[in-house]
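Open the model in your viewer and keep the sequence panel beside it. The tour goes from one selection to the next and says what is there.

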Amino acid sequence: MQLLLLLPITLLMAPAALAGRIIGGHEAQPHSRPYMAFITTVEGYKRCGGFLIREDFVLTAAHCDFGAITVYLGAHDVTKRERSQQRRAVKWKILHPKYNHMTLENDLMLLKLKGKAKLTKAIQLVPLPEAGEEVMPGDVCNVAGWGKTQVKGLFLPSKLQQVDLEVQEADMCTHYKDFVPASMLCVGNAKSEKSSFQGDSGGPLVCDGMAQGIVSYGKTNGFPPRVFTRISVYISWIKKTMRKLQD
């Protein structure tokens, strides 16, 4: 693993239950996930994922509200100042009005960027589902992020990692007392060693090229299945909010 050197982004010390990492995956092909956003604090001590849904909006998890944050688009190796990268400050953070920081229900947040992103081969939008659109158990989707790749240790990968995860039946997540099937997805085969965990929170669950979920929470040991926010439930709020804050 490479330590983060150029950008001041080193360690994440967030509560494990709120974090997200890629376990059992591998390095993504550079810029093969051009919608990915790298979100970090100004000091660089916390990180999350996110995804570009409009040139001036990134969608992420509400529990990624660290305070003053910066968004990097077009990144692969976050220790380098790649020519593909575009750095954007955040003009507004809009948490879902019914977000519950204790149960992580309605765990999503829109980031209004200061200045629109310039779309390139390395920076693209990812489509969202229609309201009420279902993702089915057995569907194999993809998650990417810069989170931890091992349960133990504090080192974080410098390069984007990705893993394929299988959507599960809702009853596979009923051991989470705050799991709400109507607004959450249960993702990751319990028999596999593939998962998201520390540092990947806020990243998208992409199914057939469409963002269907947002990395939210799971067991503190990183074992699957884990819980994702179901995006299709929130399409009306997302669209209404972006229209309201349109430049």
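This is a predicted model: local features need pLDDT of at least 70, side-chain atom pairs count only at pLDDT 80 or more; totals for chains, interfaces and linings use all residues.

**First stop: the disulfide at Cys186**

A disulfide joins Cys173 to Cys186, with 2.1 Å from S to S. The torsion about this S-S bond is about 80°, so the disulfide is right-handed. Cys173 lies in the loop between strand E9 (161-166) and E10, while Cys186 is in strand E10, so the pair ties together parts that are 13 residues apart in sequence. Cys173 is buried too, because its relative accessible area is 0%.

**Second stop: the strands beside it**

E10 and E13 pair in the antiparallel sense over four bridges. Within this pairing, Leu185 stands opposite Phe228 of E13.

Now select strand E12 (residues 210-217). E12 also pairs with E13 in the antiparallel sense, over four bridges. Here Ile214 has Thr229 of E13 as its bridge partner.

How many of the five residues of E13 are buried? Five of the five are, and the strand is mostly covered. In a regular strand, side chains alternate between the two faces of the sheet.

Select Cys141 and Cys207, which form a disulfide with their sulfur atoms 2.0 Å apart. This pair links distant parts of the chain: Cys141 is in strand E8 (residues 140-145) and Cys207 in strand E11 (residues 204-207), 66 residues apart. The torsion about their S-S bond is about 105°, so the link is right-handed. Both cysteines, Cys141 and Cys207, are buried.

Next, select Cys48 and Cys64, whose sulfur atoms are 2.0 Å apart in a disulfide. With -80° about the S-S bond, the link of Cys48 and Cys64 is left-handed. Cys48 sits in strand E3 (residues 47-54), and Cys64 in the loop between strand E4 (57-60) and strand E5 (69-73). Cys48 and Cys64 are buried. With the bonded cysteines numbered in sequence order, the pairing is 1-2, 3-6, 4-5.

**Last stop: a cavity**

Which residues line the largest cavity? Select His31, Arg33, Pro34, Met36, Gly74, Ala75, Ala122 and Leu160. The lining divides into five nonpolar residues, two polar and one charged. The space inside is about 40 Å³. A search of the whole structure finds one cavity of 30 Å³ or more.

Technical notes: Residues are numbered from 1 along each chain as its sequence is written. Side-chain values use heavy atoms; hydrogens and water are left out. Buried means under 20% relative accessible area, exposed over 50%, partly exposed in between (1.4 Å probe, protein chains only). Helices (H or I, at least four residues) and strands (E, at least two) are DSSP runs, numbered from the N terminus. Two strands pair if DSSP finds at least two bridges between them. On a 1 Å grid over the protein atoms alone, a cavity is a set of points where a 1.4 Å probe fits but cannot get out, and a pocket is an open set with protein on both sides within 12 Å along at least five of seven lines; lining residues have an atom within 4 Å of a point. Grid points are joined across faces, edges and corners, and a volume is the space filled by probe spheres set on the points. Ala, Val, Leu, Ile, Met, Phe, Trp, Tyr, Cys and Pro count as nonpolar, Asp, Glu, Lys and Arg as charged, and the others, Gly among them, as polar. A disulfide is a pair of cysteine sulfur atoms within 2.5 Å.
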